[in-house]
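Dear colleague,

I am handing over the model we spoke about, and below it you will find an account of what came out of going through it. Please read the two side by side.

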Amino acid sequence: MSAELYGDKKLNTDLLKHRNAVKRRTGVALRAGGMLIRNAAQTKAPVLTGNLKRSINVEVIETGAVQLAIIGTEVSYAPYLEYGTSKMSARPYLRPAFDEQQDAAIAEVESVLDQLVKKWR
């Protein structure tokens, strides 16, 4: 998911002036959108011990001027469940959660950022 913002000079000036607030709120917005996908993935995750389900998380990272929400897990067997193996059928949970919640996640991010923009108008 990515976004570009085009606007009038006042909006762009306000964004530059409030850069740190924008950065914080963008992180909050990305986390909020990511949580929708994470919650759906936890619901869809195959459960034997519950370890995979509990390990699915949202991390917001920053690389230069770009912030990203990463939804996933560090459980070693997660890719085998998501994609399957030569001896086991796939039991996808992360991609279906993304596909199901993508529009809602984008709407959530837009809503949080819209509140910030309205504050300056």
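**Contacts of Tyr93**

Leaving aside its neighbours within four places in sequence, Tyr93 is in contact with Ala41, Lys44, Ala45, Pro46, Leu52, Ile56, Thr73, Ala78, Leu81 and Glu82. Please keep in mind throughout that this is a predicted model.

**The core around it**

Tyr93 also belongs to the largest nonpolar core, a set of 14 residues in which Leu52, Ile56 and Tyr93 are those with the most contacts inside the core. The elements that give two or more residues to this core are helix H2 (19-44), helix H4 (78-83) and helix H5 (94-120), and the largest share, three residues, comes from H2. As general background, nonpolar side chains in soluble globular proteins tend to be buried together.

**The chain as a whole**

To place these elements, the chain has five helices and two strands, and from the N terminus on they run in the order α-α-α-β-β-α-α. Of its 121 residues, 32% count as buried, while the accessible surface of the chain comes to about 8,300 Å², with 54% of that area belonging to carbon and sulfur atoms.

Strand S1 (residues 57-63) and strand S2 (residues 66-72) pair in the antiparallel sense over seven bridges. The hairpin that they form has two residues between the strands, and Gly64 takes a positive phi near 65 degrees there. Within this pairing, Ile61 has Leu68 in S2 as its bridge partner. Leu68 is also one of the residues, together with Val66 and Ile70, that make a nonpolar surface patch of about 220 Å².

**Salt bridges**

The structure holds three salt bridges, which I take in turn.

In one of them, Glu62 pairs with Lys23, the closest N and O atoms being 3.2 Å apart. Because Glu62 lies in strand S1 and Lys23 in helix H2, this pair ties together parts that are 39 residues apart in sequence. Both partners are partly exposed, Glu62 at 40% relative accessibility and Lys23 with a relative accessible area of 37%.

In another, Glu100 forms a salt bridge with Lys44, with the closest N and O atoms 3.0 Å apart. This pair likewise links distant parts of the chain, Glu100 being in helix H5 and Lys44 in helix H2, 56 residues apart. Glu100 counts as partly exposed at 46% relative accessibility, as does Lys44 at 33%; Lys44 is, moreover, among the residues listed above as contacts of Tyr93.

The remaining pair joins the side chains of Asp99 and Arg95, at 2.9 Å from N to O. Here both residues lie in helix H5, four residues apart, which is about one turn of the helix. Asp99 counts as partly exposed at 45% relative accessibility, whereas Arg95 is exposed, with a relative accessible area of 51%; the cut-off for exposed is over 50%, so the value for Arg95 falls on the exposed side of it.

With best regards

Terms used
Residues are numbered from 1 along each chain as its sequence is written. This is a predicted model: local features need pLDDT of at least 70, side-chain atom pairs count only at pLDDT 80 or more; totals for chains, interfaces and linings use all residues. Side-chain values use heavy atoms; hydrogens and water are left out. A nonpolar core is a set of buried Ala, Val, Leu, Ile, Met, Phe, Trp, Tyr and Cys residues joined through side-chain atoms within 4.5 Å. Buried means under 20% relative accessible area, exposed over 50%, partly exposed in between (1.4 Å probe, protein chains only). Contact means heavy atoms within 4.5 Å. A salt bridge is a side-chain nitrogen of Lys or Arg within 4 Å of a carboxyl oxygen of Asp or Glu. Two strands pair if DSSP finds at least two bridges between them. Patches are made of residues with over 30% relative accessible area and no salt bridge: like charges are joined within 9 Å, nonpolar side chains (Val, Leu, Ile, Met, Phe, Trp, Tyr) within 5 Å. Accessible areas come from the Shrake-Rupley method with a 1.4 Å probe; for residues, only the protein chains shown count as cover.
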